[in-house]
Amino acid sequence: MITDVNADSKGIEHPKPPRRPSFRIVLIVLILFALAVLTGSVTAYFLTSDIPEVSRLEDWRPPVVSVLFAADGTPTYQFGGEKRILVDFNQIPPQFIQAIIATEDSRFYHHFGVDPLGISRALLRDLIHLRMKEGGSTLTQQLAKLLFLKPDKTLRRKIQEAVLAMQIEKTYTKKEILVFYCNQIYLGHGRYGVETASRFYFGKPAREMTLAESALLAGIVQRPEAYSPIRNPQLALRRRDHVLDRMRDEGYLDPEQARQARAEPFNRIQPREESELAPYFVEEVRRYLDRTYGEVSLYQEGLEVYTTLDPAMQKAANLAMSRGLRAVDKRQGFRPIQTNILRDPKTSLEAYKHPDWERPLEVGGLVHGLVTAVDRKSAAVKVGPYEGRVGPAEIQWTHSTTPSSILHVGDVTLFQIREMDRGTHRLKLSLDQEPLVEGSLLALDPATGEVKALVGGYDFGRSEFDRVMQSFRQPGSAFKPFVYLAALDSNYTLADILFDEPTVFLDSKTNVEYQPENYTRKYYGSMTLRTALEESRNIVSVKLLNQVGYRKTIDLATRMGIRSRLNPYPSLALGAAEVSLWDLVSAYSVFPNQGIRVEPHMIRKVLDRSGNLREQAHPVVEEVLKPDIAYLMAYALQGVTETGTGAAARVLNRPIGGKTGTTDDLADAWFVGFTPSLVVGVWVGFDQRKSLGVDETGAHVALPIWIDFIQNALKNHPPEKFPRPSSISFVPVDRRTGLKASVETHCQPIILEAFLRGTEPTALCSEPQHFRVSLPYYLQRYQFNRKNELRIDGEGLRLLLQQSGGELSLDEATRSLVLHRPDGDWVIALDIGRRDMREVMDEIAGFESGNGMDAGAIPAASPPHRVGVDGREPTMVLIKYD
């Protein structure tokens with residue numbers, strides 16, 4: 001070994017002293033160190049300069065959906081781009097947190113935001129696969145990426161992610177980090193956070209999830225769209241089982257718990273927020289919220305909106321409207337099927353799939369089916385994995401007897417499921433078709449004003465136009481109760497008499513004539529207000545309006561909730577003014593609510609995301625009628641549903657009142673009715689005004705829908721009685737004359753009529769009076785003696801025979817008139833002098849011999865000055881009005 005030494009003068013060798021580094025070397029080292037520090041600082045600055053402060057998490061306010069809750073507290077709909085509902089730690093089931101940790105970050109409780117072991121493992125696998133496949137990210141790193149970073153797979157982003165994760169771990173507890181994570185993660189189908197995902201997939205809050213459901217949801221986190229149990233149920237279940245295995249391996253489960261959870265099937269419950277239970281109701285609420293709070297609050301600030309919607313009633317309304325409109329449409333005839341997939345050569349019967357087939361099938365539901373084979377006896381129809389057959393009985397409504405005459409291979413059309421066998425995948429179907437006619441329904445609680453159900457049309461997807469609130473149509477006879485109500489409020493009684501006869505109303509200012517006609521085109525003479533309302537007589541109703549006063553009726557209807565412009569014309573009594581169903585139902589709610597109107601509303605309260613009250617319903621409550629007057633009107637309208645135009649409602653076997661409505665051209669059909677606790681209105685018609693068809697009246701079109709709804713909406717509610725004010729008394733009266741009746745008077749039928757105390761009739765009905773009102777209207781104004789003989793002179797007899805249009809003939813031998821009726825001839829004895837009788841007979845004989853006329857007839861005046869609607873020359877009554 002050679003050593004560098006120096007020898008002194010004595011020859012003794014000494015080691016050389018160490019060389020001191022030169023100044024240049026020191027300088028170079030210092031410069032290199034400075035450069036390294038500078039480079040590191042610049043690099044660190046470059047990598048972390050745009051990293052946000054993690055303290056921002058304290059003010060973390062992600063976009064949160066606004067949720068609409070039904071009256072029973074269940075969520076009905078959500079508004080927002082990112083559908084998210086925030087929850088705190090105690091609302092997250094422990095097994096979900098365990099599943100997330102076991103699958104995504106098993107060392108979560110042992111690292112400081114970054115897991116060196118996990119990173120090493122990931123790097124090793126990346127080297128094996130020669131690409132960045134494994135991320136090695138902890139839950140905290142995933143949270144940092146979700147909240148602050150872009151999803152780029154770069155080294156810079158990974159370093160930023162690690163730095164943020166460590167900062168988050170320094171600032172927040174593990175529990176707080178888990179809450180942030182569970183509220184932020186994306187879980188497919190536009191759902192963010194565990195709460196919204198649980199409600200979407202399972203129809204329940206997260207805290208109610210089972211172990212198997214928690215594992216399934218945790219498995220979705222890695223690849224939400226691929227592992228969706230809706231899109232890929234088998235792949236999702238395999239992923240769930242993997243999560244359960246990881247939970248077992250990590251000690252969260254024992255083998256038996258894991259086995260039981262794997263055996264649990266996935267049964268998705270269709271949540272109400274996705275089922276379009278009440279789209280028109282939701283849209284009206286959305287418009288209000290947008291108008292009141294603005295788009296940002298509605299779509300991002302997580303309002304909690306508690307509505308008045310009754311889910312069971314809304315479902316009943318949907319079904320009743322669908323069934324009713326389809327029934328009307330079928331009466332209008334079958335329309336040829338427009339869609340046939342074989343017109344496109346690229347489409348085959350085997351490959352075709354309809355979107356309907358992705359939804360759960362249920363008996364009674366409607367579904368589009370594909371005709372795969374057809375002959376004269378039957379047609380084979382494919383509905384997803386099911387097959388059904390349609391024979392002549394299932395197409396009977398089309399008036400075709402052979403399926404091959406209306407169905408063709410490749411046709412896609414609507415069918416109703418009658419029966420379903422899930423084991424054999426067989427269906428029993430009947431042919432249906434989507435109706436062109438539209439309709440609307442509104443149900444509200446008269447005591448609270450809360451809207452319980454609202455249907456604005458047949459299909460919201462087809463038309464968003466809300467025919468409850470946005471449509472204004474003529475109500476026809478459904479407006480008449482306001483006229484009769486004004487009369488009752490003006491000291492009329494239901495037993496008061498008006499005369500139904502040909503009548504012309506003359507505007508005293510313009511001399512314009514108006515001649516109303518009854519729907520039957522007949523006249524009925526003397527009748528009580530009750531009978532006129534029950535049988536919906538037009539002429540009497542217009543007469544009553546003219547007597548009571550236009551202004552009084554308009555003011556009363558306005559106070560009760562009719563907001564449309566009402567013009568003071570005779571046609572007002574017959575519903576010529578256009579109204580909305582919303583207003584009409586609101587006005588009718590006063591009848592069962594003892595004269596009190598409560599403003600209709602759809603929202604009970606609104607909370608912000610922090611639970612602060614933003615709004616609470618305080619509807620306007622106003623007494624617009626005296627309770628006894630309201631009761632009289634309600635009692636009268638009960639008669640409509642017992643013996644009048646709404647008598648079909650008797651099938652409900654409960655106290656109800658209501659009124660039908662039909663416009664002259666049969667373009668609008670209405671029924672508005674009520675029980676003591678529910679008011680419901682139905683309208684049916686075309687958006688473009690046209691006739692519904694012959695005899696398609698309110699009783700035939702709207703009332704069946706109303707009955708269907710009430711049967712299902714109130715099937716678990718016992719019948720209620722209308723509360724009777726103490727000022728109301730009941731008296732037996734003759735239905736025809738309105739006079740007091742008893743068994744001794746021999747007046748039939750007798751009804752129990754309601755009166756304000758002090759207004760009861762005192763005069764008794766008699767057989768002569770009862771006989772007289774049983775005659776045709778043109779005989780009822782004549783006087784009869786005690787023997788029921790018609791008092792008349794020769795001139796009067798000539799006019800009477802002339803007016804009868806052949807319905808009367810003269811029998812000289814018995815000195816009587818013969819009234820020819822469908823149920824047989826009536827003989828009416830005459831109280832007339834022999835001379836008068838001879839003159840009339842001579843005149844008849846002269847016309848008979850000269851003109852070949854039937855015996856007993858008198859020719860009509862020629863030319864007639866006005867022709868009656870039933871073909872005879874009427875005695876016209878002229879009434880002037882201002």
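Predicted model: local features only at pLDDT ≥ 70, side-chain atom pairs only at ≥ 80, totals over all residues.
**Exercise 1.** Work out how the rings of Phe79 and Tyr299 are arranged, and which parts of the chain they tie together.

*Solution.* A whole-structure search turns up 24 aromatic pairs. One of them is Phe79 with Tyr299: the centres are 6.4 Å apart and the planes make 80 degrees. Planes over 60 degrees apart count as edge-to-face, and that's the label this pair gets. Now place the partners: Phe79 sits in strand β4 (residues 75-79) and Tyr299 in helix α12 (residues 295-300), so the pair links parts 220 residues apart in sequence.

**Exercise 2.** Classify the pair formed by Tyr352 and Trp357.

*Solution.* Take the centres, 5.7 Å apart, then the planes, at 90 degrees: edge-to-face. Both Tyr352 and Trp357 are buried.

**Exercise 3.** Find how helices α13 and α20 run relative to each other, and what kinds of residues meet there.

*Solution.* First, the axes of α13 (residues 311-331) and α20 (residues 698-713) come within 8 Å, crossing at roughly 150 degrees. Angles over 145 degrees count as roughly antiparallel, so that's how α13 lies to α20. The crossing is right-handed. Next, the contacts: residues of α13 including Met313, Leu325 and Val328 meet residues of α20, among them Ile705 and Phe709. Sorted by type, the contact residues give 12 nonpolar, 3 polar and 3 charged.

Notes:
Residues numbered from 1 in each chain as written. Heavy atoms only, no water. Axes fitted to C-alpha atoms, helices over the stretch in contact; angles between N-to-C directions. Helix = DSSP H or I, 4+ residues; strand = E, 2+ residues; numbered from the N terminus. Parallel < 35°, antiparallel > 145°, perpendicular 65-115°, else oblique. Left-handed = near helix turned anticlockwise from the far one by under 90°. Contact = heavy atoms within 4.5 Å. Nonpolar A, V, L, I, M, F, W, Y, C, P; charged D, E, K, R; others polar. Phe/Tyr/Trp six-rings, centres within 6.5 Å; stacked < 30°, edge-to-face > 60°. Buried < 20%, exposed > 50% of the residue type's maximum accessible area, 1.4 Å probe, protein only.
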